[in-house]
Amino acid sequence: MIGSFGPDRSEQPVALATQARPPAPPTLNEVFEAERMLVGLMLADPTTHGRIAAILRDEDWTQNLHRGVFEVVGRLLEEGRPVSPVSVLPKVSDVAPDGGPANRYLIALASEAPSSAFAEPLARRLAEAAHARSGSDHLDRDLYAWAYEQALALRRGQFSALDALNLAEEIEDLGGAIYNRMESALRITLMHLLKWEYQPERRSRSWHLSIRNGRLDIEDVLERHPSLSRRVPGAVANAYRRARIDAAGETGLDESIFPAECPYAFDDVMTRPVPWPLPGGEA
């Protein structure tokens, strides 16, 4: 309608109307929580894995344990084997995102799993976040330069400049290296304890010192990083598997001579007597 003073603006579209903005991609915290819920769903109701796998790829997951569960559940289903935290755990990382044991973490996720109706929406949310992430992996670049760039951004409080996911993986790797020091010391100590027990005629000052030094290394790690104490049972079990193989190789005894499971509690590993010089003054 044309009025005496020009077009009736009320009938015209508003030229400066705000355009609809696309929804913001999920935050990293939202991604992490979505992954937790999907892992719980797959463990509580394995039939949801196929619906999730139709949307997500292995590389779309941001956390190693979560990705591992996704992959292992798929393999177990293909093989017609049951899926549960117990059947998944031997084939994935044994450490949870908080640094604690993975078994407790996965059992808790399964018990808190949401309704299976959330499987597709959560998976689509993760796929959307994965698509929004861009740029090459930091390991494809100059790692030295990347590390100092990240440190500088942290010192300046420039959090938007952080390569957050890759930075999180590097920090987790640092924690993993500390754990590996403890497990390595346990392996050496256990190997020499087995040699000490199963070849008493060959006991030596060298074996005695190896056990003492191994114990000191374990104590040092736990003293500096006391939170690792919650991972000691798993570390002993993991270390013993390799210690048993090493002991068989060094003694020449058949591996079956040694117990299949670690015969020592952690306190035994740390305090079992290994006297030297031997009684009777044997050298």
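## A buried ring and its partner

Let's start inside this predicted model. Phe 258 has a relative accessibility of 1%, so this residue counts as buried. Its partner is Tyr 198: the two form an edge-to-face aromatic pair, with 5.0 Å from centre to centre and 70 degrees between the planes. Tyr 198 itself is partly exposed, at 27% relative accessibility.

Where do Tyr 198 and Phe 258 lie? Tyr 198 belongs to helix 8 (residues 164-198), while Phe 258 sits in the loop between helix 10 (232-251) and helix 11 (266-271). The pair therefore ties together parts that are 60 residues apart in sequence.

In total, the model has 3 aromatic pairs. One of them joins Tyr 144 and Tyr 148, whose ring centres are 5.0 Å apart. Their planes meet at 50 degrees, so this pair is tilted; an angle over 60 degrees would be needed for edge-to-face.

Both residues are in helix 7 (residues 143-155), and because they are 4 residues apart there, about one helical turn separates them. Are these tyrosines buried or exposed? Tyr 144 counts as exposed, at 61% relative accessibility, and so does Tyr 148, at 54%.

## A charge over a ring

One more aromatic ring deserves a look, this time for its contact with a charge. Tyr 179 has the charged end of Arg 231 sitting over its ring, 3.7 Å from the ring centre.

Key
Residues are numbered from 1 along each chain as its sequence is written. This is a predicted model: local features need pLDDT of at least 70, side-chain atom pairs count only at pLDDT 80 or more; totals for chains, interfaces and linings use all residues. Side-chain values use heavy atoms; hydrogens and water are left out. Rings of Phe, Tyr and Trp (its six-membered ring) pair if their centres lie within 6.5 Å; planes under 30 degrees apart count as stacked, over 60 as edge-to-face and the rest as tilted. Helices (H or I, at least four residues) and strands (E, at least two) are DSSP runs, numbered from the N terminus. Buried means under 20% relative accessible area, exposed over 50%, partly exposed in between (1.4 Å probe, protein chains only). A charge sits over a ring if NZ of Lys or CZ of Arg is within 6 Å of the ring centre and within 35 degrees of the ring normal.
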